[in-house]
Amino acid sequence: MPNTRRACVGIFLLAMSVLMLEVALTRVLSVMSWHHFAYLIISLAFLGFGAASTFLSVSPRFSSPTLDEGLVGKYALAFCLTTLFGFAATTKVHFYPMDAYYYGDYSNAFSLLMLYVIMGTPFFFAGVCIGYLISRAGEAINRVYFSDLVGAGIGTMASLVGINHLGVEATIYVASTAGGLVALIFSLAEGRFRLRLGSAAALVLSVLMTVLAVRHEIFPTYFPPEKIFREALRPHYYRWHIIARIDVMDPVSLSMPFGGALSKAYEGGPMPTVRVIWQDGSAPTGIMYVPNGDLRRVPALGYYLQAAPYAVKPNPSRALTIGLGGGIDALIALYHGAEHVVGVDVNPVTVDAVKNRYADFAGRVLNRPNVELVVAEGRHFLTTTDQRFDVIQLSGVDTYSALSTGAYALAENYLYTVEAMESYWEHLADGGILSFSRWLFTPPRETLRLVVIQLEHLRRMGIEHPESHLMIVSGGMPDGVWAETLLKKSPFTQAEVAAFRRWADYMKFDMIYDPYEMRPNVFNEVIRASRSEREAIIKRYPYNIKPVTDDNPFFFQFYRWRSLVSPLESGGGYFIERLPLSLAVLLVSLVQILLLSIAFIIGPLLPRGGQLRAVRHKTRVLTYFGSLGLGFIIVEITLLQKYAVFVGGPIYSMAITLFAILVFSGLGSLMSQRFKDSPDRWLKFIIIGLVGAVACEVVFINYAIPRLMFLSHAMRCGVTIAALAPLALLMGMPFPMGLRVTQRVGETIIPWAWGVNAVTTTLGSVLCVLVSMQWGFTVSLVAAGAVYLLGLAVFSPVVRAMYKEA
């Protein structure tokens, strides 16, 4: 390679910009459509890289064994320009997936195809540059691959900083700027004036667009009509964040449930004035106008379904609201006499809007000394405090946004697992109440699954009569009703139940369950059943309502695979929730990956397939590189999720877990250069050690982490990095070592190895979700270890043969 340093700088910047673009586009697609479709960006990025590796192998311009730096400059310039103008084009393609269901408008398939082309093209050009630099790295392969992985790791951090502080559009232009800088670096080395001029112009344009986008949206991101982003409510303020974009509306007087219901008994009363906050164009919350901070001037606060726990426990000493949003639950708690309220929300932008920007509008009620607002993930907050609460409330808290680089955008949620219930239980005071509001649906599923999870928690706690600890009340509306579920640390007394019934009757809410009256519904059947009877009910129920755990936290995945061909009639909730969309997206992703892989990765290589006939060990080589791609992506995605609660939520998991995996894998690649002359001796020990490290991670995550929750946040981050470092170091070694062996097998097979690795990496991103949803994250990690061992078993004879001959 003519200049290794330049190659390392170039591949570092490109890898960083690709990760920034990938994360930013998941946020864009979450707003433009629904979070389910954001998952497709991950597959699209991998496919772009796979197609690039094939293009490198079949295009004559890359046939020279020496590096043509002018080509790197040209394709980096193409990446810069397609990123720059691709975002503008993306915002002009209207993709309304629900129109196919509503109106039979299947033209949206063409819109989706256009988005694939527009969004996927930059990944292709970046893949050409990165693949070309790696393929010509020669003896510098370890340093170049190290720069690639470290750049990707830095990109995860940069995407967080960029989106949170600059916005999505500016972050995309920063990625474009990095591509323009690479183009300029290599064009200056290559010497052609036109390429230099074009690269300099693209770089200047990218910088200008970045500066402008920080101050104002140049190409606004649209909201699809199926989202309930009301045109009648004008946006007053918006802000992007990696969690969700928020849009705060102008004030309006209206009745909204805000994760509950406003009682029919309040009909004719003055409607509260609210600034509605939309999160990614849906999932509404609101900041309520409180004149002069006097809550009694907002009488509607006394008529919300979310006040249910205060009908049993008025004037509580301490109340905790998880999922603060605009602060409605906190206001309800204060209205009912709570002496001290703690409000926790994972999105700092929302908390800032409530506490600072719109504090005067809210009467500064939430700025009182007896109100504590905390930016944190709910589960993580509980592990950092020893406070006990009389009421812990979660009203309609969802994960309807694409988090963790979009690699897991299919509704995992750690607030509704059995382990979460155990954490809430530990932080309840004696006689304390845990209150949830969830959609009821017809037939029931969200609230019903929540009850099943709570029953499993009570069983694990050894509670002899779990039926006496629960009460459920609904909002009393027809289709779309919310239900409030109360779980009390001690049994509900007859006096408490009687008082609660009187409150529900006055509010015109409907009692669904209480311990002292049998009602003919599925809730009574499930709650009063024995364990074996309950399992039978769960098994035959049309929806999946099995209890979810931290190892399988897919609370919102209610559909079974047969629902794809036999849709169930459903009422309630957002329309998007009435369809098995997550399963459909997974299936479409799988089919899409297979078809596009054949068309753009394997297909172009087939004309050269005849050259492989003379290559020995081809099946073993391709299986090895396929296993590396599949194993790596499964481990990466699974660990990203498993460490989320421990390090403080998906943002920290992305910033720490993913960063550590990529950076230490890069260091492992660099360290493996020490074994370049003897992979026959070391490769088997490295992969066996890798599998052993995966096994240690399984034990550590499932048994050690729950016992380390007392540590400070800084110490948890340190423990996470220390726990991941050995595994990640080993994960970075097999690929460059395998490439050195494959060079001895024959140069002809290397493009096929790249292509197969790209295909299995792409497939792995989908298969990991499928396996995790069906059997849990632990099984996914075990499967990844088995895949690595398969690769070793198949490849070992090749290694021995090549180095025996040498």
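Reply: A crossing of two helices is called left-handed if the near helix is turned anticlockwise from the far one by less than a right angle, and right-handed if clockwise. The model is predicted, so local features need pLDDT of at least 70 and side-chain atom pairs count only at pLDDT 80 or more, whereas totals for chains, interfaces and linings use all residues. Residues are numbered from 1 along each chain as its sequence is written, and side-chain values use heavy atoms, with hydrogens and water left out. Helices (H or I, at least four residues) and strands (E, at least two) are DSSP runs, numbered from the N terminus.

Helix 1 (residues 4-32) and helix 7 (residues 141-165) cross in the right-handed sense. Their axes come within 7 Å, at an angle of roughly 35°; axes are lines fitted to C-alpha atoms, for helices over the stretch in contact, and angles run from 0 to 180 degrees between N-to-C directions. The residues of this contact comprise 15 nonpolar, 6 polar and 3 charged. Here Ala, Val, Leu, Ile, Met, Phe, Trp, Tyr, Cys and Pro count as nonpolar, Asp, Glu, Lys and Arg as charged, and the others, Gly among them, as polar.

Helix 4 (residues 69-90) is largely enclosed by the rest of the structure, because 17 of its 22 residues are buried. Buried means under 20% relative accessible area, exposed over 50%, and partly exposed in between (1.4 Å probe, protein chains only).

In strand 7 (residues 340-345), 6 of the 6 residues are buried. In a regular strand the side chains alternate between the two faces of the sheet. Both faces of strand 7 are covered, with His-340, Val-342 and Val-344 buried on one side and Val-341, Gly-343 and Asp-345 buried on the other.

Two loop residues other than glycine have a positive phi. Asp-280, with phi near 55°, lies in the loop between strand 4 (273-279) and strand 5 (282-288) and is buried at a relative accessible area of 1%. Arg-364, with phi of about 55°, belongs to the loop between helix 12 (348-357) and strand 8 (371-375) and is partly exposed, with a relative accessible area of 43%.

The loop between strand 10 (428-439) and helix 15 contains Pro-443. The peptide bond from Thr-442 to Pro-443 is cis, with omega near -5°. Helix 15 (residues 446-460) should span 21 Å, and its end C-alpha atoms are 21 Å apart, which agrees. Of its 15 residues, 13 are buried. After helix 15 comes Gly-462, with a positive phi near 75°.

Finally, Val-699 lies in helix 23 (residues 679-704) and counts as partly exposed at 47% relative accessibility. Its C-alpha atom is separated by 9.4 Å from that of Thr-778, 79 residues apart along the chain.

Conventions: Expected span 1.5 Å × (residues − 1).
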